[in-house]
Amino acid sequence: MGLGLEVWEKRNIVVFPEVLSFIIFICYIASTAAPFLTVPLLMFLLALCFLFGYFMKINEKFPGMCWPLSDFLRCVTAAIIYFAISITAVSKYSDGAAKAAGVFGFIATIVYAFDFYVIFNDLSKFLKQGNSANDTEAEKSEEEDSNSDSD
C-alpha cells in the first residue's frame, strides 16, 4: 500500500479545499442562490470523510477499495460541479453573496483541478510501480522456465 497518508502529506493544500467549500456554503446560505448550497456542503462532508479515513487508517482495513482512485474521482467531480454552479451563480443571480460564492467557486475549481492533477501523478506512479513488480516476477518465472527447459 504505497499511497494513502503519504498523498495527503505531500500536498501543501491539505485542508484548503475543505475550508473553501465551507466558505462557499456560507455564501450560498446568505444569497438568493440557495439551491446551490448542497454542493459545497456535500463536498465539504465528503472531503472530511476522506480525511478521517486516511488519518484513522481505514484505507488499510479495506484494501479492496482503491482509495486514491476514489479521491481522484471526488476531486474531478468537485471541479466540474463547482465550475458549472459558479457560472450559473455569477450569471443568473445579482446579489453580492451569490457573486462571492461564484468567485470562490471558480477558485475551488482551480484548487480541485490542481488536487486531482497531484493525485493523478501519485496514482500513476503507484500503478507503474505495481506493474513493474508484476513484470519482474513474470520475467523471473520465464527465466526459470527457460532454464528448466535447457536442462
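Q: Which residues of α3 are buried?
A: In this predicted model, the buried residues of α3 are Val39, Pro40, Met43, Phe44, Ala47, Phe50, Leu51, Gly53 and Tyr54.

Q: What makes the span of α3 close to the expected one?
A: The helix has 18 residues and covers 25 Å from its first C-alpha to its last, against 26 Å expected at 1.5 Å a residue.

Q: How do you know what secondary structure residues 37-55 have?
A: UniProt, in an unreviewed entry, annotates residues 37-55 as a "transmembrane region". In the model, 95% of that stretch is helix and 0% is strand. Its end C-alpha atoms are 27 Å apart.

Q: Which other residues does the UniProt annotation "transmembrane region" cover?
A: The unreviewed entry also lists 12-31, 75-94 and 100-120. For residues 100-120 the model gives 100% helix and 0% strand, with end C-alpha atoms 30 Å apart.

Q: What makes the phi of Lys57 worth a remark?
A: The value is near 60°, which is positive, and the residue is not glycine. Most residues other than glycine have a negative phi.

Q: Why is Lys57 called partly exposed?
A: Its relative accessibility is 36%. Buried requires under 20% and exposed over 50%, so Lys57, at 36%, is partly exposed.

Q: What makes Arg74 and Asp71 a salt bridge?
A: Their closest N and O atoms are 2.8 Å apart. The cut-off is 4 Å between a side-chain nitrogen of Lys or Arg and a carboxyl oxygen of Asp or Glu, so the pair qualifies. Side chains of opposite charge can pair when their charged atoms come close. A search of the whole structure finds one salt bridge.

Q: How are Arg74 and Asp71 placed in helix α5?
A: They are three residues apart in α5 (residues 67-92), which separates them by about one helical turn. An α-helix has 3.6 residues a turn, so residues three or four places apart point the same way.

Q: Are Arg74 and Asp71 buried or exposed?
A: Arg74 has a relative accessible area of 3% and is buried. Asp71, at 1%, is buried as well. Both values fall under the 20% limit.

Q: What is Ser86 in contact with, beyond its neighbours within four places in sequence?
A: Ser86, in helix α5, is in contact with Ala101, Gly102, Gly105 and Phe106. Its relative accessible area is 0%, so Ser86 is buried.

Q: Why is the pair of Phe72 and Phe120 called tilted?
A: The structure holds eight aromatic pairs. In the pair of Phe72 and Phe120, the ring centres are 5.9 Å apart and the planes make an angle of 40°. Pairing needs centres within 6.5 Å; under 30 degrees would be stacked and over 60 edge-to-face, so 40° is tilted.

Q: Which parts does the pair of Phe72 and Phe120 tie together?
A: Phe72 lies in helix α5 and Phe120 in helix α6 (residues 96-150), so the pair ties together parts that are 48 residues apart in sequence. Phe72 is buried at 16% relative accessibility, whereas Phe120 is partly exposed at 45%.

Q: What links Phe22, Phe25 and Phe44 into a cluster?
A: Ring pairs do. Phe25 is among the buried residues of α2, and Phe44 is among those of α3.

Q: How do you know that the span of helix α2 is close to the expected one?
A: Helix α2 (residues 16-30) has 15 residues and reaches 21 Å between its end C-alpha atoms, with 21 Å expected. Its buried residues include Pro17, Leu20, Ile24 and Tyr28.

Q: Why is Tyr117 called partly exposed?
A: Tyr117, in helix α6, has a relative accessible area of 49%. Exposed would need over 50%, so 49% leaves Tyr117 partly exposed.

How values were computed: Residues numbered from 1 in each chain as written. Predicted model: local features only at pLDDT ≥ 70, side-chain atom pairs only at ≥ 80, totals over all residues. Heavy atoms only, no water. Helix = DSSP H or I, 4+ residues; strand = E, 2+ residues; numbered from the N terminus. Buried < 20%, exposed > 50% of the residue type's maximum accessible area, 1.4 Å probe, protein only. Phe/Tyr/Trp six-rings, centres within 6.5 Å; stacked < 30°, edge-to-face > 60°. Contact = heavy atoms within 4.5 Å. Expected span 1.5 Å × (residues − 1). UniProt positions renumbered as here; feature names shortened; annotations may be inferred.
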